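Please walk me through this structure.

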Amino acid sequence: MSVHLTCKQAVDYISKKEEGKLSSWQRVKLWQHLAICSLCRTFSAQNKIITHSFKHHLNFKQESLTDVQKNEINSGY
Ligand SMILES: [Zn+2]
């Protein structure tokens, strides 16, 4: 087994990290990879933005489904 993660593994770890599914050992391995790989650092940064805006979008959709707004739509406004 190699000491360092491959980029494929690192990407997998990054998405797991966003979901809070990474063990402390895996976090260390990911951190080691990000220290040597600028490509995955960029991906990690972008992944955070994507995850954040995605959650933001979901919240926005839930907030938009209020009864008041449904009534506005139904009243033909
Ligand atoms: Zn990498």
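In this predicted model, α1 and α2 are oblique to each other, because their axes cross at roughly 125 degrees. Axes are lines fitted to C-alpha atoms over the stretch in contact, with angles from 0 to 180 degrees between N-to-C directions. Helices are DSSP runs of H or I, at least four residues, and strands are runs of E, at least two, numbered from the N terminus.

Ala 10, Tyr 13, Ile 14 and Lys 17 of α1 meet Gln 26, Arg 27, Leu 30 and His 33 of α2. Contact means C-beta atoms, placed from the backbone, within 7 Å.

The largest nonpolar core has 7 residues: Leu 5, Ala 10, Tyr 13, Ile 14, Leu 30, Leu 34 and Cys 40. Such a core joins buried Ala, Val, Leu, Ile, Met, Phe, Trp, Tyr and Cys through C-beta atoms within 7 Å. Buried means 20 or more other C-beta atoms within 10 Å. α1 (7-18) and α2 (24-36) each supply at least two core residues. α1 gives the largest share, 3. Beyond neighbours within four places in sequence, Leu 30 touches Leu 5, Ala 10, Tyr 13, Ile 14, Lys 17 and Leu 22.

The chain has 4 helices and 0 strands. Of its 77 residues, 12% are buried.

Residues are numbered from 1 along each chain as its sequence is written. The model is predicted: local features need pLDDT of at least 70, side-chain atom pairs count only at pLDDT 80 or more, and totals for chains, interfaces and linings use all residues.

Technical notes. Two residues are in contact if their C-beta atoms, placed from the backbone, lie within 7 Å. Angles under 35 degrees count as roughly parallel, over 145 as roughly antiparallel, 65 to 115 as roughly perpendicular and the rest as oblique.
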